[in-house]
Amino acid sequence: NIGNFEMSFGSWLKKELTPFGLEDDVYVNYIENIMNEDSSSLEEKKKEVIEFLESSAEGKNFKKFGVKLITEWKSQLEAKKQTNQAKAAKNEDDNKKKVVVETQTFMEQLESEKRKKQGTVEVDDSLTDEERARRMQVLKQYGYDTTQTDENGDIIYTEDAELPDGSKDEDFVNSNAQRIKQADQDQRVNAQKKHAAKIQRDKE
C-alpha cells in the first residue's frame with residue numbers, strides 16, 4: 001500500500017543520504033514531498049532535490065545521487081503498480097468465487113423449495129419438537145398445511161387440499177390440524193420404539 005511504499009522509499013533515502021550527513025528526517029521528508037508532487041516532471045523534481053541538497057551540504061556533488069534517485073523512484077512506482085494490480089486481480093477472483101457460491105446456494109434453495117412443493121420433504125426423527133415446529137411454520141408459508149405419514153412413520157408434506165369448488169373449508173382445516181398433531185405424535189412414538197429396539201439389540 002501507499003504507506004509501505006513511502007516507508008520503503010524513505011528508508012532508501014536515509015541510507016543514501018547518510019554519507020552526506022543528511023540522513024535526518026527533515027531532509028528525508030522534504031525530498032519525499034518533492035517526489036510526491038504531481039505537478040512537476042521527474043527531471044524537474046530531480047533538479048529541485050539536488051539544489052536543496054547542495055544548499056544543505058556545500059561543496060558536495062549530488063549529480064550521481066540525482067540519477068540514482070530517479071531510478072529508485074521509478075522502481076518503487078513500478079513495484080507499487082504491480083502490488084496494486086495483484087491485489088485488484090485477487091479481489092476480482094474473490095468476488096467471482098463469492099458469486100459462484102451465492103449462485104450455488106440460491107440454486108440449492110430453489111431446488112429445496114421445489115421438492116417441498118412436490119411433497120418429497122420429510123421430517124427427520126432427529127429434529128426436536130422446537131425445530132419441527134419451526135419447520136412446520138416455514139412449510140405452511142409455502143402452502144403445506146396437510147400432512148401424512150408413510151410406512152416408517154415419517155411425515156410427508158403435501159400441498160393444501162381444496163374442496164371441489166376450489167374453496168377451503170374451515171372444518172377441513174381444523175380436521176387437518178388434528179391430523180398434523182396426530183401424525184407428529186405417531187412419529188414420536190415410532191422414534192421411541194426405534195430407540196428402545198436399539199437399546200435391546202445393544203444389550204444382546
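Modeller: Let us begin with accessibility: a residue is called buried under 20% relative accessible area, exposed over 50%, and partly exposed in between, with a 1.4 Å probe and protein chains only. This is a predicted model, in which local features need pLDDT of at least 70 and side-chain atom pairs count only at pLDDT 80 or more, while totals for chains, interfaces and linings use all residues. Residues are numbered from 1 along each chain as its sequence is written, and side-chain values use heavy atoms, with hydrogens and water left out.

Biologist: Is Asp25 buried, exposed or partly exposed?

Modeller: Asp25 is partly exposed, at 44% relative accessibility, and Lys14, at 33% relative accessible area, is partly exposed too.

Biologist: What do the side chains of Lys14 and Asp25 form?

Modeller: A salt bridge is a side-chain nitrogen of Lys or Arg within 4 Å of a carboxyl oxygen of Asp or Glu, and Lys14 and Asp25 make one at 2.8 Å, N to O. Lys14 belongs to helix α1 (residues 2-17) and Asp25 to helix α2 (residues 25-35), so the pair ties together parts that are 11 residues apart in sequence. Helices here are DSSP runs (H or I, at least four residues), numbered from the N terminus.

Biologist: How many salt bridges are there by this rule?

Modeller: The count comes to six, including one between Glu43 and Lys46 at 3.5 Å, N to O; Glu43 and Lys46 both lie in helix α3, three residues apart, about one turn of the helix. Lys46 is buried, with a relative accessible area of 19%, whereas Glu43 is among the exposed residues on the face of α3 turned away from its buried side.

Note on methods: Helix = DSSP H or I, 4+ residues; strand = E, 2+ residues; numbered from the N terminus.
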